[in-house]
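Open the structure in your viewer and keep the selection panel at hand. The stops below say what to select next and what is there.

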Amino acid sequence: MAEEVDIIDQVVGQEYKYGFTTNIEMDTAPMGLTEDTIRFISAKKNEPEWMLEYRLKAYKYWLTLPDPNWQNFHYPPINYQDIIFYAAPKEKIKLDSLDQVDPELLKTFEKLGISLTEQKRLTGVAVDAVFDSVSIATTFKDQLKEKGVIFCSMSEAIHEHPELVKKYLSSVVPHTDNFFAALNSAVFSDGSFVYIPKGVRCPMELSTYFRINAENTGQFERTLIIADEGAYVSYLEGCTAPMRDENQLHAAVVELVALDNAEIKYSTVQNWYPGDKEGKGGIYNFVTKRGICLGDHAKISWTQVETGSAITWKYPSCILKGDYSVGEFFSVAVTNNMQQADTGTKMIHIGKHTKSRIVSKGISAGKSHNTYRGLVKVNKKAEKARNYTQCDSMLIGDRSGAHTFPYIEINNKSAMVEHEASTSKIGEDQIFYCNQRGIGTEEAIGLIVNGFCREVLNQLPMEFAVEAQKLLAVSLEGSVG
Amino acid sequence: MLEIKELKAEIEGKKILNGINLVVKPGEVHAIMGPNGAGKSTLSSVLAGRADYEVTGGTVSFNGKDLLDMAPEDRAREGVFLAFQYPVEIPGVSTTNFLKTAINEKRKYLGLEPMEATDFLKFMREKMELMEMDKALTSRSLNEGFSGGEKKRNEVFQMAMLEPQLSIMDETDSGLDIDALRLVSTGVNKLKDGKRSFVVITHYQRLLDYIVPDFVHVLYKGRIVKSGDANLAKELEVKGYDWIKEEVEAGA
């Protein structure tokens, strides 16, 4: 027993690697949320009238909503008047030239392993870097342009591609969808916009890196990805934030639209600051992510590796409208110490012969709680819809909890829906076995957990799968005892 | 190489080992036999460093180092290998990946660079041929869905890969049919090189027909009560353990 306590002592001191802050002068909105705040944001971004109207409509709707209360975790009521809704580095940044970006910012992203400077860029991955409320730089824009791929910040898209934005923004997640979607629609600052034209296979991975830096600031990004007929794109997002004692809100909205025969693969490696081991601080990650297979034979695939945040609350979902369309959800959610997660997916079968697959792996350590919540809904006209759900939980130690809430609604008799679930405990025997082969306890847990998540990790693009594996091991350090 | 002096251990306050003395020299094969509950598996667990057991007395030195003072993973890295009686399953982790991790952890401990992927695969292929291992087994999840025989063969294969100086085999023969027993024993015999030592723990003599020991020790009530050569095992096979028990009771 003494030995186990030692292990805990040695590793709880382990710092969150990305907890540093960047000292940079910021341009911020006054604290709190009023109609003026929204006008301020819209004016800062020099937005057209229709965008401001949309924001105000969402804001008015949001005001009518009570805080949601159906989730399987607790958080103190958020005072929205204590949040800064817009924060941007002060220097005027010309997006075309990195020379004009504050070196402090470039350094920040270097530290995070994201190089925006030409010579060091990850080959084969185009990156959009979002710092607090604004997009700092988007790499490989020209190469993408040749293929007709649009990859830019949302602010830019509103100006440059208003017809696409008007057509698709809010078409998958309307501002009336839920409390946080309404809030996001009112105050969203930036995010990524992607359009892949007909028949184009995007030549490289697209990636957005989100960084929260400013204090008392919420991050409300908005991402919209459209894959036109026969197009393909693989998109990845990563996130980190400094260590702070107060909780910070991240309420993003992501919308995906896949037309006939198009495919969108969306991967997330989420590593927001999780709070300290007593549960102080950390990000509230309350995100609405949804994709629609608008056309026949379209496919949307969500892969998420959620290791950070004090609370993770999200259900990346698929609306399978086109006939023969396919939705997939692969998830690894890890909670340690006092972290909480209530995550899963919704698969809405509307078209005929639609198929969905859900693979969820939840790992709970410390005193954390990890909930899977998923809905499989087959509409009346969805002939021969099929779903397969596999939901596995792993417990480490004896103070953590795993919960599963599967909802199934079937309105068509030809549907085939399968659900499999399991709960296991990481065994002392497994750890000792690894020890006896010369593998230390921390490495052993990493190995066992990675094995448990293998199916999901295999879905990630190569470059990120390795990172994700390391991340899993790091976030579980100190979980034995 | 291994020197055990007056080793005493207990689990949950129950005394299991009551003063074990044993010296194993390089290249020797020692068999430890004894009736159920004598402390055979406890001895292997204590040597490997399983946390459930509390060592209450005695010393164990391995190549001059205090073995009991080391964490289980360090004992392994120093060259102590335990072939488990019940190998555990680790879903999603291939034997290949598992062994690569193990070998590189050991190399790190010894101050060596990690093995190149191609070198590792070549090394593994050689050992697989030597051990007559089925290729499919190494790409499957570690021990998951393996038969009893496959699990035990995988233990011996791991032994071949990790090249330990001292291999402790905890009832490797239990649950094996005669063919599997022969395969496992052949594998072990191939690993003998005059320097590596083996401590073979078994309840039955039949394993010792294949892995011929230099010494046989009888463990009873947590003590080695009788030692001899391979003939002692044969004698036990014929006469059972009762006469030893009687001898001990009479002497006590």
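## Stop 1: the interface

Chain B and chain A together bury about 2100 Å², with 63% of that on carbon and sulfur atoms. Buried area here is the accessible area (1.4 Å probe) that two parts lose on being put together, summed over both. Select Phe84(B), Val88(B) and Phe98(B): in chain B they lose the most area to chain A, together 22% of what that side buries.

A note before moving on. This is a predicted model, in which local features need pLDDT of at least 70 and side-chain atom pairs count only at pLDDT 80 or more, while totals for chains, interfaces and linings use all residues. Residues are numbered from 1 along each chain as its sequence is written, chains are lettered from A and ligands numbered from 1 in the order in which they are written, and side-chain values use heavy atoms, with hydrogens and water left out.

Now show the whole contact (heavy atoms within 4.5 Å). Chain B supplies 28 residues and chain A supplies 19 residues.

Two salt bridges are counted between chain B and chain A; each is a side-chain nitrogen of Lys or Arg within 4 Å of a carboxyl oxygen of Asp or Glu. Select Arg50(B) and Asp429(A): their side chains form a salt bridge at 3.2 Å, N to O.

Colour chain B by element. Helices (H or I, at least four residues) and strands (E, at least two) are DSSP runs, numbered from the N terminus. Helix H2 (72–78), strand S6 (80–83), strand S7 (90–94), helix H3 (95–109) and helix H6 (148–162) of chain B each give two or more residues to the side that touches chain A. H3(B) gives the most to that side, with five residues.

## Stop 2: the sheet in chain B

Look for an open sheet of four strands in chain B, ordered S2-S1-S4-S5 with antiparallel pairing. Strands S2 (14–24) and S5 (65–66) of chain B are at the edges with a single partner strand each, so one side of each has no neighbour in the sheet. Two strands pair if DSSP finds at least two bridges between them. Strand S1 (residues 2–11) of chain B is joined to antiparallel S2(B) by eight bridges. Select Leu7(B) and find Ile20(B) in S2(B) opposite.

## Stop 3: an enclosed helix in chain A

Go to helix H8 (residues 179–187) of chain A. Nine of its nine residues are buried, so H8(A) is largely enclosed by the rest of the structure. Buried means under 20% relative accessible area, exposed over 50%, partly exposed in between (1.4 Å probe, protein chains only). At the start of H8(A), a side-chain oxygen of Asn178(A) comes to within 2.9 Å of the backbone nitrogen of Phe180(A).

## Stop 4: Asn387(A)

Select Asn387(A) in strand S21 (residues 386–395) of chain A. Asn387(A) is buried, at 4% relative accessibility. Its side chain makes a polar contact of 3.0 Å with that of Ser356(A). Leaving out residues up to four places away in sequence, Asn387(A) touches residues including His349(A), Val376(A) and Glu418(A).

## Stop 5

How many disulfides does a search of the whole structure find? Zero, over all chains; a disulfide is a pair of cysteine sulfur atoms within 2.5 Å. Select Cys293(A): its closest cysteine sulfur, in Cys318(A), is 6.0 Å away, too far for a bond. Cys293(A) is buried at 0% relative accessible area, and Cys318(A) is buried at 1%.

Terms used: A polar contact is a pair of N or O atoms within 3.5 Å; within protein, one must be able to donate a hydrogen and the other to accept it, and residues adjacent in sequence count only if both atoms are side-chain atoms.
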